[in-house]
Amino acid sequence: MSAIFNFQALLTVILLLICTCAYIRALAPSLLDKNKTGLLGIFWKCARIGERKSPWVACCCVIMAFSILFLQ
């Protein structure tokens with residue numbers, strides 16, 4: 001089953017995308033800052049969410065990891 005049809009897999013993919021974009025922006029900000037609009041702007045927006053809402057994103061990652069490890 002793909003991540004589109006499985007809600008938990010979709011949330012996992014979104015969380016991983018946010019965390020990855022925030023990490024890439026911390027290492028090399030010029031990669032994401034030049035594409036603030038358009039289709040590639042999604043990655044810049046994910047990086048912003050990861051930076052500004054980092055406690056909430058970290059909490060969601062811990063909850064998602066717990067549910068994947070122990071509830072499935």
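## Salt bridges and a ring pair

Aspartate 33 has a relative accessible area of 27%, so it is partly exposed. Buried means under 20%, exposed over 50%, and partly exposed in between, with a 1.4 Å probe and protein chains only. The model is predicted: local features need pLDDT of at least 70, side-chain atom pairs count only at pLDDT 80 or more, and totals for chains, interfaces and linings use all residues. Residues are numbered from 1 along each chain as its sequence is written, and side-chain values use heavy atoms, leaving out hydrogens and water.

**Exercise 1.** Find which residues are linked in a network of salt bridges.

*Solution.*
- Recall the rule: a side-chain nitrogen of Lys or Arg lies within 4 Å of a carboxyl oxygen of Asp or Glu.
- Start at arginine 25, which is buried at 17%. Its side chain meets aspartate 33 at 3.0 Å, N to O.
- Arginine 25 also meets glutamate 51, at 2.7 Å. Arginine 25 is in helix H1 and glutamate 51 in helix H3, so this pair ties together parts 26 residues apart in sequence. Helices here are DSSP runs (H or I, at least four residues), numbered from the N terminus.
- Glutamate 51 meets arginine 48 as well, at 3.5 Å.
- The network is Arg25, Asp33, Arg48 and Glu51.

**Exercise 2.** Classify the aromatic pair of phenylalanine 66 and phenylalanine 70.

*Solution.*
- Rings of Phe, Tyr and Trp (its six-membered ring) pair if their centres lie within 6.5 Å; planes under 30 degrees apart are stacked, over 60 edge-to-face, the rest tilted.
- The centres are 5.1 Å apart and the planes 50 degrees apart, and the pair is tilted.
- Both residues sit in helix H4 (54-70), 4 residues apart, so about one helical turn separates them.

Notes: Helix = DSSP H or I, 4+ residues; strand = E, 2+ residues; numbered from the N terminus.
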